[in-house]
Amino acid sequence: MRNRSLFSVLALAVALAAGAAAPTLADDETEVKITLKDHRFDPAEPAVPAGKPIVIQLANQDATPAEFESKALRVEKVVAGGGSIAVKVRALKPGRYRFFDDYHEATTQGFLVAQ
Amino acid sequence: MIGALIIVFREVIEAGIIVGIVMAVTKGVRGSRLMVGAGVAAGVVGASLVAAFAGALASALNGVGQELFNASILSLAVCMLAWHNIWMASHGRQLAAEARQLGQEVRSGARSLFALAIVVAVAVMREGSEVALFLYGLVAAGGTTAGDLLVGSALGLAAGVAVSAVTYFGLVTIPPRRLFAVTTGLITFLAAGLAAQAANFLQQAGVATAMSDTAWDTSAILSDSSLFGRVLHTLIGYSDQPSVLQVVVYTATLAAIFALTKAFAPPGIARPPQTPLTQNG
């Protein structure tokens, strides 16, 4: 019994930490479309406005799954073969942000160019 | 082949280090090997399911299903680790006293064993689903022969298991009396690292939007994609470009578990060697 109440306290603490920020929908989101075909991103260096939240719409036209990943953008998301995903990106400072397919990092990469 | 080796190795060490720590923590508790085995098995099954339904998962819940799923299972692991630590703190003396009496131990260890089995399952599921997807991709692409793939994956698996074994054997050489303190600390840092990852997924989902700026960038000094960086990432949650929220969640989790572990420890348990007579004024 003591353990159970203890557990609730913990769960609550984690929930509080997780929900620290209330969900908000940005109204000034910029959408960027990227296609993945033959293990190439197209466009490979999409330009986006700096200072605005971005939504990347990634369509995977290959038959194989990919993992869209970026250290700088802090993104890590699987996209099934023939599937598509939306990836939210925070408002960026001007710069070049590298992204890649985690399963083919050496060959499949691109840069999000915020300006 | 090299591709398969590297990816499998990378994912295996992330799950394997966690398995190694759990095995060291539960060493000598009867039934623990079975529990760890069951956790690994459940994780492998879960990984296959996650990989099979990756597409559906990605498009679920307005497209953020994958992020929320990851955040949820990571939070579950954090709760289980925290619960284990606190449970061990409050029962530590009893366990230590009866360390040689296996019958007692089974009864007292079983509850927290289950929590650790879940942690193992979650770790294997997360990393395993990536391996499954990657291998499926290689097969589907037809670029490599099945033999090549098999050899690469097997080598990657072997290397990953070796690193995990080093973790385990490194930990069990610590004298039993110190081991408890060491593993308590390890698990606390492990949990904080997982909590920070969960925070990252919530930010990625757009659920948490505050404090999204990068707190620091140490990728030039120690990249978290390098081997050492990855081990540190798994062990203590090292990240080379964390968001401010991640740092806050990490610190808060660390502080909360330390505080709760201390609060639930009977007096004198927290530091067994130099017990009650020390009075600092």
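Visitor: So α1(B) passes α7(B): is that crossing left-handed or right-handed?
Guide: α1(B) goes by α7(B) in a left-handed crossing. Left-handed here means that the near helix is turned anticlockwise from the far one by less than a right angle; clockwise would be right-handed. By the way, this is a predicted model, where local features need pLDDT of at least 70 and side-chain atom pairs count only at pLDDT 80 or more, while totals for chains, interfaces and linings use all residues. Residues are numbered from 1 along each chain as its sequence is written, and chains are lettered from A and ligands numbered from 1 in the order in which they are written.

Visitor: OK, and at what angle do helix α1 and helix α7 of chain B pack?
Guide: About 150°, with the axes of α1 (residues 2-25) and α7 (residues 176-205) 11 Å apart. The axes are lines fitted to C-alpha atoms over the stretch in contact, and angles run from 0 to 180 degrees between N-to-C directions. So α1(B) is roughly antiparallel to α7(B), a label for angles over 145 degrees.

Visitor: Which residues of α1(B) and α7(B) meet there?
Guide: From α1(B) come B:I18, B:I21, B:A24 and B:V25, and they meet B:T183, B:L186, B:I187 and B:L190 of α7(B). Contact means C-beta atoms, placed from the backbone, within 7 Å. By class, that's seven nonpolar, one polar and no charged. Nonpolar covers Ala, Val, Leu, Ile, Met, Phe, Trp, Tyr, Cys and Pro; charged covers Asp, Glu, Lys and Arg; the others, Gly among them, are polar.

Visitor: How many helices and strands does chain B have?
Guide: Nine helices and zero strands.

Visitor: Switching to chain A, in what order do the five strands form the open sheet?
Guide: In chain A the order is β3-β9-β8-β5-β6, with mixed pairing. Two strands pair if DSSP finds at least two bridges between them. β3 (47-48) and β6 of chain A are at the edges with a single partner strand each, so one side of each has no neighbour in the sheet.

Visitor: In which sense do β3(A) and β9 pair?
Guide: Parallel, over two bridges, with β9 of chain A spanning residues 109-114. A:V48 sits opposite A:A114 in β9(A).

Visitor: And how many residues of chain A are in contact with chain B?
Guide: 32 residues of chain A contact 42 residues of chain B. On chain A's side, α1 (2-18), β6 (75-79) and β7 (84-89) each supply at least two residues, and α1(A) gives the most, with nine.

Note on methods
Two residues are in contact if their C-beta atoms, placed from the backbone, lie within 7 Å. Helices (H or I, at least four residues) and strands (E, at least two) are DSSP runs, numbered from the N terminus. Angles under 35 degrees count as roughly parallel, over 145 as roughly antiparallel, 65 to 115 as roughly perpendicular and the rest as oblique.
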